[in-house]
Amino acid sequence: MSEAEHRRWLAQAVDLALENVKAGGRPFGAVLVKDGALVASGVNRMLATNDPSSHAEMEALRQAGPALGGVDLSGAVLYASGHPCPMCLAAAVMTRVSAVYYAFSNADAEPYGFSSAATYQALGVTLDPPPLPLTQLDAPGRTAADLYGD
């Protein structure tokens, strides 16, 4: 896929996150794409479900298995509004997602209280090297303040 296509899918994940905030949810969205087609999407539903595992990436992965008829997501690409937390990244690795693209880093999210860097540190998890291709791209026309700010 071209960088323009990656940015288009990433913009969808960020738009989902913004819509989720407007609906009273947390500022995270994700889409899963395979062979250039949308397979699944999700938003962070922690507040709605009282389920700490209901992250946007997990919701997309939960939908993808039934949609594709299995848990092997080889060839799929996950697009997330923010850097995946260790749980979400582990689930992507376990399902053989081929790559993850995200818009906002933990450093971008830190001033707003949405960084997962402390969780990585507490678990002793480093991303050098990352377990799969993990790429940050600018969110087209969006800033961290747009997503995480008041």
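Predicted model: local features only at pLDDT ≥ 70, side-chain atom pairs only at ≥ 80, totals over all residues.

Q: OK, how many aromatic pairs does the structure hold?
A: There are 6 aromatic pairs. Rings of Phe, Tyr and Trp (its six-membered ring) pair if their centres lie within 6.5 Å; planes under 30 degrees apart are stacked, over 60 edge-to-face, and the rest tilted.

Q: What about Phe28 and Phe114, how do they pair?
A: Edge-to-face, 5.6 Å centre to centre with 75° between the planes. Phe28 is in the loop between helix H1 (3-22) and strand E1 (29-34), and Phe114 in the loop between helix H5 (106-109) and helix H6 (117-123), 86 residues apart. Helices (H or I, at least four residues) and strands (E, at least two) are DSSP runs, numbered from the N terminus.

Q: Is Phe28 buried or exposed?
A: Buried, at 11% relative accessible area, while Phe114 is partly exposed at 21%. Buried means under 20%, exposed over 50%, partly exposed in between (1.4 Å probe, protein chains only).

Q: And why do Tyr112 and Tyr148 count as tilted?
A: Their planes are at 35°, with the centres 6.0 Å apart, so the pair is tilted. Tyr112 lies in the loop between H5 and H6 and Tyr148 in helix H7 (residues 144-148), so the pair ties together parts 36 residues apart in sequence. Tyr148 is buried at 6%; Tyr112 is partly exposed at 33%.

Q: Which residues form the aromatic cluster?
A: Phe28, Phe104, Tyr112, Phe114 and Tyr148 form one cluster.

Q: Switching topic: what volume does the largest pocket have?
A: About 240 Å³. A pocket is an open set of points on a 1 Å grid over the protein atoms alone where a 1.4 Å probe fits, with protein on both sides within 12 Å along at least five of seven lines; lining residues have an atom within 4 Å of a point. The volume is the space filled by probe spheres set on those points, which are joined across faces, edges and corners.

Q: Which residues lie nearest its centre?
A: Of the 18 lining residues, Phe28, His55, Cys85, Phe114 and Ser116 do.

Q: Where does the largest share of the lining come from?
A: From H4, with 3 residues.

Notes: Residues numbered from 1 in each chain as written. Heavy atoms only, no water.
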